[in-house]
Amino acid sequence: MARQAQSPLSDAVPPEALDAARTVVRRGIDLDRIYEGYRRGQQVGLERWLACAYEIVEPGPELIGVTELSLSLAFRFIDQTLGRVLAEAQREREEVIGGALARRTETIRLILDGAPIDPTAASRRLGYELDRRHTAVVVWAESAVAPHGALESAAVLLAQAAGSQRPLTLPAGTTTLWAWIGTPSEPAIEDLRSAVGRSPDDVRAAVGPTRRGIEGFRDSHEAALTVHRLLLGNPASGRFRLLSGT
């Protein structure tokens, strides 16, 4: 180590490390776990390395130099490797998310276009059961750019108000989000209205009637779109509307 202390570190990252990062992403594990794992590994490695150094090197200036050099090299190596590994993990994450969104978009478009599609296969691709009742929602913001996460948060609030944990969502632009809420029964209108009231002031929602099955999925969405078109650009009409005019 002393002889090579000034040499540049290799840019090569072990392929096993990159494979491990990809596996973490594909299993849905938070990327912070990679960072924590490397830092813990660094601590264990340094403890063992310095324990050996203390046995070999006599106390004094030389041991201080060995310790300082060991710490410097270890931190440089881990920082450099961790940066490469996290970059690979982020790239993999973007591919996974992009692929999932592309599959979701394609499947929803086929349903909305009335194309022949197997409901069981479509449910599996969407991760959303189609053989039940659906309440479609169009959530949007009147400003040019919606606050980050505001539309998704509003859709989740609506789903929870309807007795469902999470909605199926599809971005329809920078300020518009389509959503479907699967429920065993028709949700209470006032509960939905209250949920919109807890979202940011600029967020509005148009709701279609509750309908069953893949046809209901499509019909409720078309009704929600109709309400959305009527209300878009007219903030005075309120923040929440159902097709019936409620």
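Some ground rules come first. Residues are numbered from 1 along each chain as its sequence is written, and side-chain values use heavy atoms, with hydrogens and water left out. Because the model is predicted, local features need pLDDT of at least 70 and side-chain atom pairs count only at pLDDT 80 or more, while totals for chains, interfaces and linings use all residues.

**View 1. Helix 2 packs against helix 3.** Helices (DSSP runs of H or I, at least four residues) and strands (runs of E, at least two) are numbered from the N terminus. Here helix 2 (residues 32–56) meets helix 3 (residues 61–112) at an angle of about 160 degrees, and their axes are 10 Å apart. An axis is a line fitted to C-alpha atoms, for helices over the stretch in contact, and angles run from 0 to 180 degrees between N-to-C directions. That angle makes helix 2 roughly antiparallel to helix 3 (the word is used for angles over 145 degrees). The residues of this contact (heavy atoms within 4.5 Å) divide into 18 nonpolar, four polar and two charged. Nonpolar covers Ala, Val, Leu, Ile, Met, Phe, Trp, Tyr, Cys and Pro; charged covers Asp, Glu, Lys and Arg; the others, Gly among them, are polar.

**View 2. Follow helix 3 from end to end.** Its 52 residues reach 75 Å from first C-alpha to last, close to the 76 Å expected at 1.5 Å a residue. The expected span is 1.5 Å times one less than the number of residues. Just after helix 3, look for Gly114, with a positive phi of about 75 degrees.

**View 3. Helix 5 packs against helix 6.** Helix 5 (residues 150–161) and helix 6 (residues 189–197) have axes 8 Å apart and an angle of about 150 degrees, which makes helix 5 roughly antiparallel to helix 6. Leu157, Leu158 and Ala161 of helix 5 touch Asp191, Leu192, Ala195 and Val196 of helix 6. Those contact residues divide into six nonpolar, no polar and one charged.

**View 4. Trp180 and Phe217 form a stacked aromatic pair.** Rings of Phe, Tyr and Trp (its six-membered ring) pair if their centres lie within 6.5 Å, and planes under 30 degrees apart count as stacked. This pair has 4.4 Å centre to centre and 5 degrees between the planes. Trp180 lies in strand 3 (residues 176–183) and Phe217 in helix 7, so the pair ties together parts 37 residues apart in sequence. Just after helix 7, Gly233 has a positive phi of about 80 degrees.

Definitions and conventions
Angles under 35 degrees count as roughly parallel, over 145 as roughly antiparallel, 65 to 115 as roughly perpendicular and the rest as oblique. Rings of Phe, Tyr and Trp (its six-membered ring) pair if their centres lie within 6.5 Å; planes under 30 degrees apart count as stacked, over 60 as edge-to-face and the rest as tilted.
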